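Hello,

I am passing on the structure we discussed, with notes on what turned up in it. Please look at the coordinates first and then read on.

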Amino acid sequence: MNLDIDCLRTLVLVADTMSFSRAAEAVGRSQSTISAQIAKLEGQIGEALLSRRKGKVLQLTPHGDCLVNYARRILQLNDEACRSMSEEPLDGFIRLGVPLDFFGRELAAWLAQFKAKHPMVGLEVEANQSEGLQKRSARGEFDLAFFKQDMGAQLGTVAQREQLVWVAGPNFECDEMNSIPLVLFPEGCLYRRCALASLKLHGSPSHISFVGPGFDSLKSAAIDGMGITVLARALVKPPLKIVPHGLRLPQLPAVELAYSQSQRSNSRVVNELTNHLADSLAMADQAPADRPHLVDARTALHAHAYEGAQESPPSTS
């Protein structure tokens with residue numbers, strides 16, 4: 001039995017979007033073609049891969065989840081082999097925008113790895129709030145920008161979904177506090193907006209204790225007991241701890257990490273960096289089993305044959 005690469009790519013895209021229509025839009029094909037490719041895989045495997053109701057994708061079946069994990073690895077090797085056959089070395093200059101918390105994700109190491117492969121590519125990196133990054137990306141101020149958005153906002157191509165959690169230092173306790181002290185990123189940060197909106201809706205008194213300009217300052221303030229903050233679960237490492245939601249703290253929503261590319265950019269160079277960062281995010285997410293699911297941004301990119309898959313709808317750390 002030989003599994004079709006195109007069908008595997010379609011399966012991963014459907015798993016990432018949980019939608020036949022969005023998957024079809026991303027690859028420029030009809031929904032019937034997408035459905036036929038999934039049916040072909042199910043016929044080969046002899047098992048259902050998706051749970052569906054009235055044409056809507058509800059979730060992956062256990063067999064589907066297993067195959068998607070293999071598919072990601074197969075596609076990664078396939079695309080890596082294709083790139084290795086490229087005749088000309090990459091060069092150019094990339095303006096990259098990233099959210100403030102990206103420097104809590106080994107970003108410098110990931111970019112150093114990229115530079116080791118492509119020494120003639122120059123990088124200019126700016127970390128800022130997601131709201132500003134998305135708006136400036138839409139104006140073409142970045143060649144590539146990652147930003148956070150609300151679930152389903154469709155402001156860019158979704159790279160991964162992240163569950164937000166309450167986070168504090170090792171000795172923090174909020175049960176006896178009349179007002180919950182908050183450690184937050186500046187205005188324009190989706191984490192900040194989600195924290196304040198959730199607390200207000202929950203009716204929990206709170207006040208801003210500290211506003212930090214970057215991930216390191218926020219992390220230090222939380223560790224030193226200045227208050228509680230909000231981060232993606234994948235960013236929580238000792239001595240930081242996750243504070244369970246309960247009577248005082250509401251459950252926080254999940255958000256999406258998305259990206260967009262400038263249409264005026266050197267697509268081959270920018271696609272290569274996007275692929276590299278997507279792979280790095282995926283590998284970082286493979287460690288603990290309870291981390292949020294990562295969407296392989298490469299899937300949409302390669303479906304457009306290296307021209308850059310882009311969803312450019314409307315905004316948001």
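Which residue's side chain meets that of Glu-106 in a salt bridge? The partner is Lys-237, with 3.9 Å from N to O. Please keep in mind throughout that this is a predicted model.

The Glu-106 and Lys-237 pair links distant parts of the chain, 131 residues apart. Glu-106 sits in the loop between strand 3 (92-99) and helix 5 (107-117), and Lys-237 in the loop between strand 9 (229-232) and strand 10 (241-243). Glu-106 has a relative accessibility of 47%, so it counts as partly exposed. Lys-237, at 34%, also counts as partly exposed.

Salt bridges elsewhere

The structure holds 15 salt bridges. One of them joins the side chains of Arg-72 and Asp-16, at 2.6 Å from N to O. Arg-72 belongs to helix 4 (residues 62-84) and Asp-16 to helix 1 (residues 5-17), so this pair ties together parts that lie 56 residues apart in sequence. Are these two residues buried or exposed? Both Arg-72 and Asp-16 are buried, and the cut-off for that is under 20% relative accessible area.

Arg-139 and Glu-141 form another salt bridge through their side chains, with an N to O distance of 3.0 Å. Here Arg-139 is exposed, with a relative accessible area of 53%, while Glu-141 is partly exposed at 31%. There is also a network: Asp-101, Arg-105, Lys-148 and Glu-162 are joined into one by salt bridges that share partners.

Helix 1 against helix 2

Helix 1, which carries Asp-16, also packs against helix 2 (residues 20-27), and the two axes come within 8 Å. At what angle do the axes cross? The angle is roughly 125°, which makes helix 1 oblique to helix 2. The oblique class applies because the angle falls between the perpendicular range, 65 to 115 degrees, and the antiparallel one, over 145. The crossing of helix 1 past helix 2 is right-handed.

On the helix 1 side, the contact is made by Leu-13, Val-14 and Thr-17. Helix 2 contributes Arg-22, Ala-23, Ala-26 and Val-27. Sorted by class, this contact has five nonpolar residues, one polar and one charged.

Those are the points I wanted to hand over.

Regards

Conventions:
Residues are numbered from 1 along each chain as its sequence is written. This is a predicted model: local features need pLDDT of at least 70, side-chain atom pairs count only at pLDDT 80 or more; totals for chains, interfaces and linings use all residues. Side-chain values use heavy atoms; hydrogens and water are left out. A salt bridge is a side-chain nitrogen of Lys or Arg within 4 Å of a carboxyl oxygen of Asp or Glu. Helices (H or I, at least four residues) and strands (E, at least two) are DSSP runs, numbered from the N terminus. Buried means under 20% relative accessible area, exposed over 50%, partly exposed in between (1.4 Å probe, protein chains only). Axes are lines fitted to C-alpha atoms, for helices over the stretch in contact, and angles run from 0 to 180 degrees between N-to-C directions. Angles under 35 degrees count as roughly parallel, over 145 as roughly antiparallel, 65 to 115 as roughly perpendicular and the rest as oblique. A crossing is left-handed if the near helix is turned anticlockwise from the far one by less than a right angle, and right-handed if clockwise. Contact means heavy atoms within 4.5 Å. Ala, Val, Leu, Ile, Met, Phe, Trp, Tyr, Cys and Pro count as nonpolar, Asp, Glu, Lys and Arg as charged, and the others, Gly among them, as polar.
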